There are 4 protein chains.
Amino acid sequence: MTNQIHTTALQQVADIFDQRVPFHNLLGLEIKRYDTDGVEVVINMKPELVGNIHQNILHGGVTATLLDVVGGLTAFAGLVSSKQDWTIEQLQNRLTTLGTIDLRVDYLRPGRGETFTGTGSVIRAGNRVSVCRMELHNEQGTHIAFGTGTYMVG
Amino acid sequence: MTNQIHTTALQQVADIFDQRVPFHNLLGLEIKRYDTDGVEVVINMKPELVGNIHQNILHGGVTATLLDVVGGLTAFAGLVSSKQDWTIEQLQNRLTTLGTIDLRVDYLRPGRGETFTGTGSVIRAGNRVSVCRMELHNEQGTHIAFGTGTYMVG
Amino acid sequence: MTNQIHTTALQQVADIFDQRVPFHNLLGLEIKRYDTDGVEVVINMKPELVGNIHQNILHGGVTATLLDVVGGLTAFAGLVSSKQDWTIEQLQNRLTTLGTIDLRVDYLRPGRGETFTGTGSVIRAGNRVSVCRMELHNEQGTHIAFGTGTYMVG
Amino acid sequence: MTNQIHTTALQQVADIFDQRVPFHNLLGLEIKRYDTDGVEVVINMKPELVGNIHQNILHGGVTATLLDVVGGLTAFAGLVSSKQDWTIEQLQNRLTTLGTIDLRVDYLRPGRGETFTGTGSVIRAGNRVSVCRMELHNEQGTHIAFGTGTYMVG
């Protein structure tokens, strides 16, 4: 059975991250999917995101940004899922404390492609701190980067 | 005594990073100083770089980008300094292989401020791989983030 | 078809790591399996490896050691597999340069159990540098830690 | 003015880490100094700690262990210093939750030497989570490794 508070909370967060974070708008970052089963964050290649004009590849900072956003959303979804009886107010409070403590990015291959999709999973769930692993692939399924991040969730 | 090849090579790299990397232009990233004694990379706050509109703080992805750029430039300067008799062609070849293998960012404090400056130093110098530590401060000297990155330099 | 040079080289490395590294003997670390399909490194719990006597859990330093050994062996196996025509001398030379550049350990759960097994896979393969991800489980399949390591292989 | 509760608490922790952690005894790890100004943890080279018999260097797992112990002690000292009016009971409770969330080790130079000393400092202090940077030097001041660790402190 779907928990309505969970669904509503995650939808609100997706709306904020999709539309009300100026830097996400600058990059064209979009939240394609966000529910308790996972998150899918997408960036479409555009000339302004290029890091190397000779090779036309995504700047590593865009990769890091996308992985960090995925990690934060993944950690928050894990927190939401961990309890049935959250109130919306409690979750809004938790959202204000959401933040990255540390992030590791492993760059595997040059960021070539048209559409870059980030996904993630919680590897350590906690009431205060969660750790997530994230991945970035292009539209052909080429694996471009891994991330590992530690997030404050409360 | 200043080595002219070193100075010329680093100036060329600074010009490329300053003016010919589209994503650096999008962020407004500037190379303030780049010589064998160090690098100073600056980003001025602007509304598009905000990650949290309520608190008006820099997006963590901008922090990661700035630290990664500082780390790459620091690693390359270390390589240039390591040998007296580089030719410009050799250094141009090395520049094409410059890339981040992995990056860790430690977020210490919210990114509040007007001007963010990144600096770095080489902690492990190698002919193929170098490891650097980087720091990000605002214009008041508040320490906002640390970075540690492993770079391919040959 | 099995490549005999590959098999011989990995067997020699397994023998060294199993029997001729004093610190591995101190811990009781054993190489259970080592071929081009993967590595399995095992440590059996014993009182001297405990980090917390009240809870009888493995010291985090043992976890880090086991993950680092797995990562190095995984990186080297990847290098061996990458070429058909290595000579034993070439591989022996490469082995002398094998070393950890950096290692991240994510501690997921307390190290309870009788037998701890580490496994790994290459996520970035290179002729000079490889990056691996490693995992540590106990005999019940409980996932205790993740590792990510960058290794010099040439 | 010295705070007596702080001094007593840190002395108790030093005694535990020095004498009642089996793995520390196995390695010969000693807490040389532990007060609110810092920690100094020492390991003397002995044949059992060697990772490479040809070069007689410290095993990287010993380095990781020492850095992790330093980081945990540094994080705990930071927590103790953060408040004047702890009770011993409160600090004992906090000590039971002390644990490593993640650890990065940067190996800078081969671990040659007779005595290895680890020191650290808090870079992000929190009531729940602290982040520390650690260093390992030999008796000649050669810098052998850096560490960065995120610790649960409450």
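Chain A can be laid on chain B by a turn of 180° and a shift of 0.0 Å along the axis, with an RMSD of 0.0 Å; the superposition is by least squares on the C-alpha atoms of residues with pLDDT of at least 70 in both copies. In chain A, Arg104(A) has the C-alpha nearest the axis, 2.1 Å from it. This is a predicted model, in which local features need pLDDT of at least 70 and side-chain atom pairs count only at pLDDT 80 or more, while totals for chains, interfaces and linings use all residues. Residues are numbered from 1 along each chain as its sequence is written, chains are lettered from A and ligands numbered from 1 in the order in which they are written, and side-chain values use heavy atoms, with hydrogens and water left out.

**Chain A against chain B: extent**

- Contact here means heavy atoms within 4.5 Å, and 30 residues of chain A are in contact with 30 residues of chain B.
- The copies meet through the same surface, because 100% of the interface residues of chain A are also interface residues in chain B.
- About 2,400 Å² is buried between chain A and chain B, and carbon and sulfur atoms give 61% of that area. Buried area is the accessible area (1.4 Å probe) that two parts lose on being put together, summed over both.
- Of the area that chain A buries against chain B, 23% is supplied by Phe23(A), Leu26(A) and Tyr107(A), more than by any other three residues.

- Arg104(B) and Asp102(A) meet through their side chains in a salt bridge, at 3.3 Å from N to O.
- The interface of chain A and chain B also has 12 residue pairs in polar contact, both residues at pLDDT 80 or more. A polar contact is a pair of N or O atoms within 3.5 Å; within protein, one must be able to donate a hydrogen and the other to accept it, and residues adjacent in sequence count only if both atoms are side-chain atoms.
- On the side of chain A that touches chain B, at least two residues each come from α2 (22-27), β3 (50-52), α3 (60-81) and β5 (99-107) of chain A. Helices (H or I, at least four residues) and strands (E, at least two) are DSSP runs, numbered from the N terminus.
- β5(A) gives the most to that side, with eight residues.
- The side of chain A that touches chain B has 16 nonpolar, eight polar and six charged residues. Ala, Val, Leu, Ile, Met, Phe, Trp, Tyr, Cys and Pro count as nonpolar, Asp, Glu, Lys and Arg as charged, and the others, Gly among them, as polar.

**Strand pairing**

- β5(A) and strand β5 (residues 99-107) of chain B run antiparallel and are joined by five bridges; two strands pair if DSSP finds at least two bridges between them.
- Asp102(A) has Asp106(B) as its bridge partner in β5(B).
- Within chain A, strand β1 (residues 30-35) pairs with strand β2 (residues 38-44) in the antiparallel sense over five bridges.
- β1(A) and β2(A) form a hairpin with two residues between them, and Ile31(A) has Val41(A) as its bridge partner in β2(A).

**Chain C against chain B**

- Chain C can be laid on chain B with an RMSD of 0.0 Å by a turn of 180° and a shift of 0.0 Å along the axis, which is the relation of a two-fold axis.
- In this interface, 10 residues of chain C are in contact with 10 residues of chain B.
- The area buried between chain C and chain B is about 780 Å², with 58% from carbon and sulfur atoms.
- The interface of chain C and chain B has zero salt bridges and two residue pairs in polar contact, both residues at pLDDT 80 or more.

How values were computed:
Salt bridge = Lys/Arg side-chain N within 4 Å of Asp/Glu carboxyl O.
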